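Colleague: I have a structure open and would like to go through it with you. Can we take it chain by chain and then look at the contacts?

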Amino acid sequence: MDFSRRETIALGLGAVALSVMPFRVAASTEEVIAGFTGGADVADGGVTLTAPEIAENGNTVPITVAAPGAVAIMIVATGNPEPAVVTFNFGELAASQSAATRIRLAGTQDVVAIAKMADGSFVRATSVVKVTIGGCGG
Amino acid sequence: MGMNLFKTTAAVAGLALIATGMATKMTHADQGAKLIINGELTIPTRAPAPAHLEAIDEITSGWLYRTGETQALEMDDFDNPSFVFVDVALDLFDKADGSEGKACSSCHENVEDFAGLTASMPRVNADGMLETTTELVNKCRTERMGAEAWSYSGGKMSAMTSLIGLQSRGMPVNVAIDGAAKPYWDRGKDLYYTRVGQLDMACSNCHEDNYDVMIRADHLSQGQINGFPTYRLKNSKMNTTHGRFKGCMKNIRAQPFGQGSDEFKALELYVASRGNGLTVETPSVRN
Amino acid sequence: MASGVKPRVKVPKSAAAGSAITIKTLISHKMESGQRKDKEGNLIPRSIINRFTCTFNGKSVIDIKMEPAISTNPYFQFDATVPEAGDFVFTWYDDDGSVYDAKKSVAIG
């Protein structure tokens with residue numbers, strides 16, 4: 001298999017990363033977002049992401065996202081081993097373009113919400129969520 | 001807390017975790033917040049400490065030490081993930097199991113009839129033995145249903161004790177500590193204050209000497225069990241008292257007592273009594 | 001089929017025609033992420049619910065693509081328009097091919 005230069009460097013970095021991180025690194029955040037946007041520009045604003053400033057436990061972090069006029073919203077956890085979290089596709093009987101769920105965050109990171117608007121444009125919002133380690137190991 | 005502060009500073013390395021840098025009282029939770037469930041059931045989360053508890057003036061529910069987001073989860077019976085396990089228990093309640101072909105509901109027509117039980121457990125039975133709700137359930141199963149006992153803190157038992165506990169929700173915790181209960185209570189109290197494990201810590205070191213203090217990023221509570229079984233965000237399932245005792249002991253790197261053991265039963269009685277006057281919150285949500 | 005999977009949905013029993021209602025759904029499912037290791041150090045394979053849909057009288061309300069970062073016991077809250085009396089159908093699709101569903105009827109009133 002031929003590796004591009006970028007892939008070779010990434011593989012090398014990945015090998016280093018593997019030795020320090022307990023998880024395997026899958027698709028990158030950029031790739032996940034590009035998969036959703038098709039590489040289009042993403043402007044800021046137009047979507048609201050509500051997430052706790054400090055997550056009581058990284059296992060279960062409640063988040064809410066809203067983007068009036070969106071057809072779909074994708075959530076990406078930029079610091080997770082697999083950055084893709086969830087994609088909400090709103091149907092014709094959705095009364096609002098908003099949804100809430102609970103997600104897993106592997107550590108302190110930026111959580112990004114990207115909304116695809118009805119006119120095909122994309123907007124984003126970012127929240128930093130601090131994920132803490134409990135006291136006595138737990 | 002002044003007297004205990006002296007004891008605390010004289011203690012061993014385990015407490016360095018608390019002493020280094022994070023001993024400032026950081027309250028992520030709004031400790032003035034009110035616990036109102038489904039917009040209608042108000043649950044007091046503070047009460048005067050019972051007479052036997054000298055070191056603390058006011059007893060507080062673990063709910064007060066959690067972040068606003070976690071607190072919100074307990075305030076709605078749908079947002080509270082415990083209730084899917086209550087549903088599981090309701091199914092089990094009606095399901096025939098064992099050689100006698102009976103379900104719980106064959107004898108216990110309404111689960112509501114269990115109101116008040118959890119608020120008074122554990123308690124000494126007619127044979128003079130300290131008994132927990134879990135043991136009552138397994139006794140019914142093995143002796144009257146001809147069914148196999150459920151694992152002490154497994155999915156089915158934790159769901160069932162959550163369902164039973166729910167029937168006492170809103171009622172004051174009131175376990176007997178005198179008469180036949182006294183020897184068990186004394187033993188439980190002794191265990192509570194005994195240092196164990198590699199970290200050489202007792203329950204009291206965190207839950208009496210240092211509640212409301214941060215241990216790394218955990219906000220220490222008084223270690224009350226009025227909300228057990230509880231749905232913990234950490235493992236996304238119902239956690240029982242003995243399960244939690246075991247986890248705490250492992251955190252101190254001690255060899256835990258067995259679930260359902262005399263030690264844990266006595267400890268459960270003592271810890272429950274430290275919450276006499278608090279309100280049953282089962283099934284609660286914690287971190 | 002993953003064992004012990006139980007859905008739980010909250011839908012008002014009735015609504016005014018054309019109004020918006022809030023729906024909450026939960027399903028007990030481990031959502032094994034594929035990141036955890038067993039005692040021997042082997043990766044436990046991923047086994048999650050990967051998709052959730054809600055329809056009303058056959059029309060789509062929401063279609064959610066789920067990844068392993070959705071917490072155990074997946075929870076969703078969203079809003080739906082109720083144009084007429086009818087049925088909400090909730091469907092969860094498991095990696096292992098199982099499909100779980102729940103149905104709630106709504107009256108107009």
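Colleague: What percentage of the residues of chain B count as buried?

Modeller: Keep in mind that this is a predicted model. In chain B, 55% of the 287 residues count as buried.

Colleague: And how many helices and strands are there in chain B?

Modeller: Chain B has 11 helices and 11 strands. Take its contacts between residues at least 6 apart in sequence: 70% of them join residues at least 24 apart.

Colleague: Now chain A. How many helices and strands there?

Modeller: Chain A has 2 helices and 9 strands. Along the sequence the pattern reads α-α-β-β-β-β-β-β-β-β-β.

Colleague: How much of chain A is buried?

Modeller: Chain A has 138 residues, and 46% of them count as buried. For contacts in chain A with a separation of 6 or more, 62% come from residues 24 or more positions apart.

Colleague: On to the interfaces. What area do chain A and chain C bury between them?

Modeller: About 2400 Å², with 49% of it on carbon and sulfur atoms. The size of an interface is often given in this way, as the accessible area lost when the parts come together.

Colleague: Which residues of chain A lose the most area to chain C?

Modeller: They are A:Leu93, A:Arg102 and A:Arg104, and together they make up 31% of what the chain A side buries. In terms of contact, 28 residues of chain A meet 31 residues of chain C.

Colleague: How many salt bridges are there between chain A and chain C?

Modeller: The count is 0 salt bridges. Polar contacts do turn up between chain A and chain C: 19 residue pairs are found.

Colleague: Which strand of chain A gives the most to the side that touches chain C?

Modeller: Strand S7 of chain A gives the most, with 9 residues. By class, the side of chain A that touches chain C has 14 nonpolar, 9 polar and 5 charged residues.

Colleague: What about chain B and chain C, how many salt bridges there?

Modeller: Between chain B and chain C there are 5 salt bridges. One of them joins the side chains of C:Lys10 and B:Asp76, at 3.9 Å from N to O.

Colleague: Which helix supplies the largest share of the chain B side?

Modeller: Helix H4 of chain B, residues 82–93, supplies 6 residues of the side that touches chain C. That side has 7 nonpolar, 1 polar and 5 charged residues.

Colleague: And how many residues does the contact take from each of chain B and chain C?

Modeller: The contact takes 13 residues from chain B and 11 from chain C. The area buried between chain B and chain C is about 1100 Å², and carbon and sulfur atoms give 58% of that.

Colleague: Different topic. How many aromatic pairs are there over all chains?

Modeller: The search finds 16 aromatic pairs over all chains. In one of them, C:Phe52 and C:Phe78 are tilted, 6.0 Å centre to centre with 55° between the planes.

Colleague: Why does that pair tie together parts that are 26 residues apart in sequence?

Modeller: Because C:Phe52 lies in strand S4 of chain C, residues 49–56, while C:Phe78 lies in strand S6 of chain C, residues 75–82.

Colleague: Is C:Phe52 buried or exposed?

Modeller: C:Phe52 is buried, at 0% relative accessible area. C:Phe78 counts as buried too, at 2% relative accessibility.

Colleague: Which residues do ring pairs link into a cluster?

Modeller: The cluster links A:Phe88, C:Phe52, C:Phe56, C:Phe76, C:Phe78, C:Phe88, C:Phe90 and C:Trp92.

Terms used:
Residues are numbered from 1 along each chain as its sequence is written. Chains are lettered from A and ligands numbered from 1 in the order in which they are written. This is a predicted model: local features need pLDDT of at least 70, side-chain atom pairs count only at pLDDT 80 or more; totals for chains, interfaces and linings use all residues. Side-chain values use heavy atoms; hydrogens and water are left out. Contact means heavy atoms within 4.5 Å. Buried area is the accessible area (1.4 Å probe) that two parts lose on being put together, summed over both. A salt bridge is a side-chain nitrogen of Lys or Arg within 4 Å of a carboxyl oxygen of Asp or Glu. Helices (H or I, at least four residues) and strands (E, at least two) are DSSP runs, numbered from the N terminus. Ala, Val, Leu, Ile, Met, Phe, Trp, Tyr, Cys and Pro count as nonpolar, Asp, Glu, Lys and Arg as charged, and the others, Gly among them, as polar. Rings of Phe, Tyr and Trp (its six-membered ring) pair if their centres lie within 6.5 Å; planes under 30 degrees apart count as stacked, over 60 as edge-to-face and the rest as tilted. Buried means under 20% relative accessible area, exposed over 50%, partly exposed in between (1.4 Å probe, protein chains only). A polar contact is a pair of N or O atoms within 3.5 Å; within protein, one must be able to donate a hydrogen and the other to accept it, and residues adjacent in sequence count only if both atoms are side-chain atoms.
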